[in-house]
Amino acid sequence: MTETFADKIIAFNQNLKFEGKLPKGFSVLNPFLENPETMQVMRQFYKKFYNDTNERKFILGINPSRHGAAVTGIPFTDTKQLKKNCGIKMKSAKTHEVSSVFLYDMINEFGGVKEFYSQFYINSPFPLAIVQNKGPDRWVNANYYDNKVLFNSLKNYMIETLKKHIDLGIDTSEVFVLGKKSADYIEILNDEIQLFEKITALEHPRYIQQYKFKNRQFYIDKYILTLNQSKV
């Protein structure tokens with residue numbers, strides 16, 4: 001029996017673990033171990049939109065946020081967008097994540113979730129949530145590049161993860177990286193391991209929502225134009 005894209009992603013997520021040493025004050029959250037329903041919801045999503053053997057273009061975020069993929073297990077997808085746009089309800093959690101709002105507004109203008117996910121696969125070079133301690137019982141989202149020691153401690157795992165993503169069935173002719181700073185780091189990794197022929201950077205959804213909200217339609221149009229130019 002042929003293994004589908006969905007089967008491969010589900011197996012990838014089921015086997016995710018990070019056992020490396022982190023700088024003091026940082027920690028990694030694995031959503032698939034934190035909440036049993038996350039694994040169920042993740043399976044539903046990929047079986048619904050990726051249950052085929054088609055090749056897809058790759059969109060890379062930074063690393064999951066605590067209120068988005070670190071809850072649902074699905075990149076850039078909070079529980080609101082999961083229910084509203086994907087038809088999948090999560091009972092054990094209710095989250096709102098601003099990046100998710102932008103992404104799904106763009107996806108709907110692109111042609112909807114079925115059309116979009118049939119062509120693109122979204123994940124991150126570091127696929128687990130990173131948090132940093134800022135005081136007693138105060139943990140905040142962190143990015144893999146926020147600290148040089150942190151990046152170096154994650155680098156080998158990120159390279160290994162990117163290779164596993166590609167093995168799912170990814171077109172490596174071009175990768176789209178959300179966030180200009182993240183794109184710089186993907187360039188560094190790509191120079192070393194040469195996985196992608198071309199790296200295209202787009203503004204991160206959170207940056208757009210937080211700093212360019214009045215011009216968000218411009219960025220939605222930019223995303224769609226950029227992604228359409230590279231259809232498989």
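This report describes a predicted model, taking its sheets, a helix, its nonpolar core and several single residues in turn.

## The antiparallel sheet

A further open sheet consists of 3 strands in the order S1-S4-S5, and here the pairing is antiparallel. Strand S1 (26–29) and strand S5 (138–141) stand at the edges with a single partner strand each, so that one side of each is left without a neighbour in the sheet. Direction ignored, neighbouring strands of this sheet are turned by 40° against each other on average.

Between S1 and strand S4, which spans residues 129–135, there are 4 bridges, and the two strands run antiparallel. In this pairing Ser27 stands opposite Val131 in S4.

The loop between S4 and S5 contains Asp137, a residue that has a positive phi of about 60° although it is not a glycine. Most residues other than glycine have a negative phi. Asp137 counts as exposed because its relative accessibility is 79%, over the 50% that marks an exposed residue.

Helix H3, made up of residues 36–49, has 14 residues and reaches 21 Å from its first C-alpha to its last, which is close to the 20 Å expected at 1.5 Å a residue.

The buried residues of H3 are Glu37, Thr38, Met39, Val41, Met42, Phe45, Tyr46 and Phe49. In an α-helix there are 3.6 residues a turn, so residues three or four places apart point the same way.

## The largest nonpolar core

The largest nonpolar core holds 74 residues, and those that touch the most other members are Phe45, Tyr50, Met106, Phe116, Tyr117 and Tyr144. Helix H8, residues 148–167, supplies the largest share of this core, with 8 residues. Phe45 is also one of the buried residues of H3.

For Tyr144, leaving aside its neighbours within four places in sequence, the residues in contact include Ile62, Asn63, Pro125 and Ile130. Also among them are Leu150, Phe151, Leu154 and Met158, together with Ser182, Tyr185 and Ile186.

Thr72 has its place in helix H4, which covers residues 69–72, and it is buried because its relative accessible area is 0%, where buried means under 20%. A polar atom of the Thr72 side chain lies 3.2 Å from the backbone nitrogen of Ile74, and the side chain of Thr72 also reaches the backbone oxygen of Thr77 at 2.6 Å. Not counting residues up to four places away in sequence, Thr72 touches Thr38, Val41, Met42, Thr77, Asp78, Thr79, Leu82 and Met90; Thr38, Val41 and Met42 are among the buried residues of H3.

Phe76 lies in the loop between H4 and helix H5 (79–86). Its phi is positive, about 55°, although Phe76 is not a glycine. Phe76 is buried, with a relative accessible area of 12%.

## Glu203 and its polar contacts

Glu203 is found in the loop between strand S7 (199–202) and helix H10 (205–211), and it counts as buried because its relative accessible area is 12%. The side chain of Glu203 makes two polar contacts with lysine side chains: one with Lys180 at 3.5 Å, and one with Lys222 at 3.0 Å.

Not counting residues up to four places away in sequence, Glu203 touches Gly179, Lys180, Ile208, Tyr219, Lys222 and Tyr223.

Conventions:
Residues numbered from 1 in each chain as written. Predicted model: local features only at pLDDT ≥ 70, side-chain atom pairs only at ≥ 80, totals over all residues. Heavy atoms only, no water. Buried < 20%, exposed > 50% of the residue type's maximum accessible area, 1.4 Å probe, protein only. Polar contact = N/O pair within 3.5 Å; in protein donor to acceptor, adjacent residues only side chain to side chain. Contact = heavy atoms within 4.5 Å. Pairing = 2+ DSSP bridges. Axes fitted to C-alpha atoms, helices over the stretch in contact; angles between N-to-C directions. Core = buried A, V, L, I, M, F, W, Y, C linked by side-chain atoms within 4.5 Å. Expected span 1.5 Å × (residues − 1).
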